[in-house]
Amino acid sequence: YENKTIKTLAVVYKPKEYKKKAFVPGRFAMTCCADDIRFIGFKCMLDKKMATVIENYEDRQFINLVATAKVEYVKEYGGPGIVLYAVDITPGVKPEDDLVYFN
């Protein structure tokens with residue numbers, strides 16, 4: 001995924017410890033049954049412009065995200081993984097079924 005452009009409909013999650021430097025776009029996913037629904041996302045870095053844009057969104061709001069992917073060491077991942085760099089963020093529309101399924 002290195003240097004690839006990612007376009008996705010995602011849910012906003014803004015951990016306090018990221019302050020205005022990053023957030024986590026992702027989706028709630030179900031692999032088996034309702035008991036194992038989890039939020040899955042990737043750390044997304046924000047420049048000053050994108051940090052100002054993301055301020056307008058609350059946790060759990062849907063956005064359309066365009067980002068560039070990099071592979072970097074991430075403390076939260078415990079090693080290397082995908083880190084997104086936001087290029088564009090616009091309002092998203094919540095889908096009728098807002099879960100992602102892995103079956």
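Which residue in β6 is the bridge partner of Cys44?

Author: The model is a predicted one. In strand β6, Leu84 is the bridge partner of Cys44. That contact belongs to the pairing of strand β4, residues 44-45, with strand β6, residues 79-91; the two run parallel and are joined by 2 bridges. Cys44 itself counts as buried, because its relative accessibility is 0%, and buried means under 20%.

Strand β6 also pairs with strand β5, residues 62-74, here in the antiparallel sense and over 12 bridges. Within this pairing, Val66 stands opposite Asp88 of β6. The strands β5 and β6 form a hairpin, with 4 residues between them. In the turn, Gly78 has a positive phi of about 75°.

Strand β6 contributes to the largest pocket as well. This pocket has a volume of about 330 Å³. Its lining comprises 17 residues, and those closest to the centre are Thr8, Pro25, Gly26, Ile40 and Phe42. Two or more lining residues come from each of β1 (5-13), β2 (22-30), β3 (38-41) and β6. By class, the lining of the largest pocket holds 13 nonpolar, 3 polar and 1 charged residues.

As to the cysteines, the count of disulfides is 0. Cys33 is in no disulfide: the nearest cysteine sulfur, that of Cys32, lies 4.1 Å away, whereas a disulfide requires sulfur atoms within 2.5 Å. Cys33 counts as partly exposed, because its relative accessibility is 33%, while Cys44 is buried.

Methods. Residues numbered from 1 in each chain as written. Predicted model: local features only at pLDDT ≥ 70, side-chain atom pairs only at ≥ 80, totals over all residues. Heavy atoms only, no water. Pairing = 2+ DSSP bridges. 1 Å grid on protein atoms, 1.4 Å probe; cavity = no way out; pocket = protein on both sides within 12 Å on 5 of 7 lines; lining within 4 Å. Points joined across faces, edges and corners; volume = space filled by probe spheres on them. Nonpolar A, V, L, I, M, F, W, Y, C, P; charged D, E, K, R; others polar. Buried < 20%, exposed > 50% of the residue type's maximum accessible area, 1.4 Å probe, protein only.
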